Amino acid sequence: MNRIPTKTTFRLSRRVALFLLTPLLLVLTRKARGREAPEGLEEDWIKVDSRVSLVHLGSIDSFDKTAAGIAAAKLMLDALENNNLESAKEAVLTYEKIIPKENFGGEYTAIQWFGEYLLASPQQQKALLKEPLDVEFYNFFAKDNFASLKEYLKRKYDIGELEDRGSKAAIERERFLEDFILFNNPRREEWEKTSKMLDSLNIQPGYTIADIGSGPGYYTFRFSKLVGPQGKVLAVDTVENHLNYIKGVSEKYGVNNIELINNTTDNAKLPPEQMDLIYMCSLYHIIYSTSLEPVKDRFVESMKQALKKEGRLVIVDNGIVEDQTLPYHGPYIAKELIISQLKYYGFRLIDQYAFIPQRYVLVFEHSAN
């Protein structure tokens with residue numbers, strides 16, 4: 001996840017987020033409470049019929065640490081540091097209990113995956129690593145006797161000794177590790193229905209696609225396969241470590257249709273009128289609710305000028321769910337807010353999908369098309 005606008009490094013305290021969002025929510029609530037939209041203005045009104053906030057930031061991509069989550073992390077750390085398979089087994093069982101209650105789409109399933117790997121037979125381990133990207137995910141965290149996974153558990157859950165704890169470098173390192181374990185999670189397909197999302201976009205061989213906020217390349221490599229050798233994928237992110245990882249994996253597997261772009265906070269740095277599709281996953285909520293207006297204006301304009309005449313802008317983000325449904329682990333935003341705002345940037349909604357309650361897919365064209 002980028003600074004602004006990206007999904008990786010900008011964090012707000014709950015108090016600051018509430019201060020920024022309260023005026024917007026009050027206006028929307030006053031407009032909608034007990035009143036129908038005036039004739040001709042239906043598209044500009046959002047009916048508020050839930051106590052749930054229309055936008056939730058929390059700490060952007062992180063989530064609250066719970067007692068059960070900390071206990072599970074301690075068990076996993078013990079399993080890794082002491083080769084304690086009983087702790088690994090207990091950690092897996094703990095995650096099995098708390099995932100349905102605490103954490104949809106977060107890191108729990110990824111850490112559980114590592115626990116299951118430790119407990120698996122050689123044949124089962126081979127099955128867990130049948131996909132090249134899962135192999136690279138494993139290699140990243142398992143290198144040097146699981147040094148990075150141990151480090152992440154210590155940093156995220158404040159367990160174990162770390163000499164640099166609290167420093168700026170330590171915070172940046174934790175954010176990078178958290179992004180990696182969240183976005184390249186081998187279990188992501190299971191909870192997100194990634195394949196269905198991609199199928200809905202009807203991506204053709206030869207397309208040029210920009211993956212904005214690419215992170216460590218979860219979608220970048222999937223787009224690369226879909227567009228084929230005649231197509232191109234631009235991995236766009238402000239975090240160089242993410243781009244360096246994509247570069248390393250591309251070179252290892254001979255992937256030649258990925259180009260890396262280290263963008264700025266107000267410019268996607270895309271070439272003009274070359275994109276068949278611009279894709280942003282779990283990113284626009286940050287642009288919507290934290291970017292200064294001039295920054296947001298310039299960033300959206302940089303995407304608009306990069307699209308071909310019939311190019312599409314795809315926004316995937318986390319939606320509001322009913323009370324009995326576990327929400328996405330981190331931020332969310334009502335899709336109506338995005339649809340309404342992009343209309344004033346000159347985009348019109350042409351399709352929308354939701355393959356799970358917690359996540360929606362919005363497909364836009366520029367209204368001049």
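**Entry 1: α2 and α6**

I looked up how α2 crosses α6, and the crossing is left-handed (the near helix is turned anticlockwise from the far one by less than a right angle; clockwise would be right-handed). This is a predicted model, where local features need pLDDT of at least 70, side-chain atom pairs count only at pLDDT 80 or more, and totals for chains, interfaces and linings use all residues. Residues are numbered from 1 along each chain as its sequence is written, and side-chain values use heavy atoms, with hydrogens and water left out.

Helix α2 covers residues 67-82 and helix α6 residues 132-157 (helices are DSSP runs of H or I, at least four residues, numbered from the N terminus). I found an angle of about 150° between them, with axes 10 Å apart (axes are lines fitted to C-alpha atoms over the stretch in contact, and angles run from 0 to 180 degrees between N-to-C directions). That makes α2 roughly antiparallel to α6 (the label for angles over 145 degrees).

From α2, Gly69, Ile70, Ala73, Met76, Leu77, Leu80 and Glu81 meet residues of α6 including Phe146, Leu149 and Tyr157 (contact means heavy atoms within 4.5 Å). I noted 9 nonpolar, 1 polar and 3 charged residues in this contact of α2 with α6 (Ala, Val, Leu, Ile, Met, Phe, Trp, Tyr, Cys and Pro count as nonpolar, Asp, Glu, Lys and Arg as charged, the others as polar).

**Entry 2: α4 and α6**

Next I checked helix α4 (residues 108-119), which packs on α6 at about 115°, with the axes 12 Å apart. α4 also passes α6 in a left-handed crossing. Among the α4 residues that meet α6 are Tyr108, Trp113 and Phe114, and Phe146, Leu149, Leu153 and Tyr157 are among their partners in α6. The contact of α4 with α6 has 14 nonpolar, no polar and 1 charged residues.

I then went for the largest pocket, which holds about 660 Å³ of space (on a 1 Å grid, a pocket is an open set of points with protein on both sides within 12 Å along at least five of seven lines; a cavity is a set where a 1.4 Å probe fits but cannot get out; lining residues have an atom within 4 Å of a point). Of its 30 lining residues, Glu131, Leu133, Asp134, Arg222 and Lys225 are the closest to the centre. α10 gives the most to this lining, with 6 residues.

The largest cavity has a volume of about 50 Å³. Its lining has 10 residues, and Phe183, Arg188, Ser282, Tyr328 and Arg359 lie nearest the centre.

Key
Helices (H or I, at least four residues) and strands (E, at least two) are DSSP runs, numbered from the N terminus. Angles under 35 degrees count as roughly parallel, over 145 as roughly antiparallel, 65 to 115 as roughly perpendicular and the rest as oblique. Grid points are joined across faces, edges and corners, and a volume is the space filled by probe spheres set on the points.
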